[in-house]
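Take the chain below and work through them in turn.

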Amino acid sequence: MLGYTGRGILRDKILNLINNVDKNVEQRLEHFLECINDSEGIDNVLVWLQKIKNDLPATVSEINLNNVEDGWSLNPDTGNLEHSTGGFFKIIGIKTETEIRESGKGWKQPMVDQGTESSVVGLIKKRDQSGVFKYLVEAKFEPGNYGRVLLSPTLQVTYDNLNKLHSGRRPLFSEYFSFSEQNNDITATVKFEHWYPEDGGRFYRKRVKNMLVETTDVFEVPNNFIWLNMFQLKELLKRDNLVNPHLRSIISYL
C-alpha cells in the first residue's frame, strides 16, 4: 500500500526526472499514482453488485413491436418509429452508397436517431479522509444491459430525460453536471468536458458529452451508488461484463 504521503514523495521524485513538465504530464502522473493505490480490493464491490442484481425489482421480456405503446408508433408519413412527444429517439431508415466497405456496394438499414447532441454522462470525483481520490459509480439497470445491471458513471442521461420529458423525476446528482442548475449549495469544479462520438454503425450522427467533476461536498448516496478508487475501477475493467461503455469512455480520458 502506498500512502498519501508516500505518493506525494514519489510524485515529486518522478517530476524531478522529467523535463518540460506541464499540466498534461502532471495529470498523467497523478492518474498513474491513483492506479497503483491498492489499499482496497474489489471483493466487496463484487458482493455489493451481485446483491443489487439479486434484489433487482425489474424484469425485461421481448414483445412484438406492434405492442410497443406508451406513445410509440410508426409515423405514417416517414415510416419512422418515434414517440408522440418527438423526443427520446427515432428508428429511421438509412441508405448508404459506397464501394469502400466489405460488401463492395451500398446497403440500407435501420438506425437509432437520438439527435447529434442528445446525452451527457458524468463522473463525480472526491478525496476521501485519507487523501485518496474516489469516484462515485452507480450500479445502473438498463433494459438492454448484458447482465441487467452494470457499473455506470454518476450520471448517465439523455437531455430529454434530464428535462423530464418522461414526466418523471430528475436524475440524482444532475445538478453537478448542468450549469443551469448549479447554486450556492454545491461545490463543483469541472476537470474535463468533451464530446465523444457514439457507434456510427447503429446510432445516426450521435455524440455524448463526457464530464468529470471534482467536489468537496458531503452528501449521502443511495444503496445503488458506491465510491471506488481508480485502482478498483481498473481491476473491475479486467472482469467480463461489469463496466458499461460510458464509464469506460470517461476512464479512458484519464
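Q: In β7, which residue is the bridge partner of Phe 141?
A: This is a predicted model. Strands β6 and β7 (residues 149-152) run antiparallel and are joined by four bridges. In β7, Phe 141 is partnered by Val 149.

Q: Which residue in β11 stands opposite Glu 138?
A: β6 also pairs with strand β11 (residues 225-228). The sense is antiparallel, over four bridges. Opposite Glu 138 stands Phe 225.

Q: Which residue in the turn between β5 and β6 has a positive phi?
A: Strand β5 (residues 117-127) pairs with β6 in the antiparallel sense over four bridges. Ile 124 stands opposite Leu 136 of β6. The two strands form a hairpin, with five residues between them. In that turn, the residue with a positive phi, about 95°, is Gly 131.

Q: How many of the nine residues of strand β6 are buried?
A: Buried means under 20% relative accessible area. Strand β6 spans residues 133-141 and is largely enclosed by the rest of the structure, because the buried count is eight of the nine residues.

Q: Are α2 and α5 roughly parallel or roughly perpendicular to each other?
A: Helix α2 (residues 23-35) packs on helix α5 (residues 230-237) with the axes 7 Å apart. The angle is about 75°. Angles of 65 to 115 degrees count as roughly perpendicular. α2 and α5 are therefore roughly perpendicular.

Q: Which residues in α5 do His 31, Glu 34 and Cys 35 in α2 meet?
A: By class, the α2 contact with α5 has three nonpolar, one polar and two charged residues. On the α5 side, the residues met are Met 230, Phe 231 and Lys 234.

Note on methods: Residues are numbered from 1 along each chain as its sequence is written. This is a predicted model: local features need pLDDT of at least 70, side-chain atom pairs count only at pLDDT 80 or more; totals for chains, interfaces and linings use all residues. Side-chain values use heavy atoms; hydrogens and water are left out. Axes are lines fitted to C-alpha atoms, for helices over the stretch in contact, and angles run from 0 to 180 degrees between N-to-C directions. Angles under 35 degrees count as roughly parallel, over 145 as roughly antiparallel, 65 to 115 as roughly perpendicular and the rest as oblique. Contact means heavy atoms within 4.5 Å. Ala, Val, Leu, Ile, Met, Phe, Trp, Tyr, Cys and Pro count as nonpolar, Asp, Glu, Lys and Arg as charged, and the others, Gly among them, as polar. Buried means under 20% relative accessible area, exposed over 50%, partly exposed in between (1.4 Å probe, protein chains only). Two strands pair if DSSP finds at least two bridges between them.
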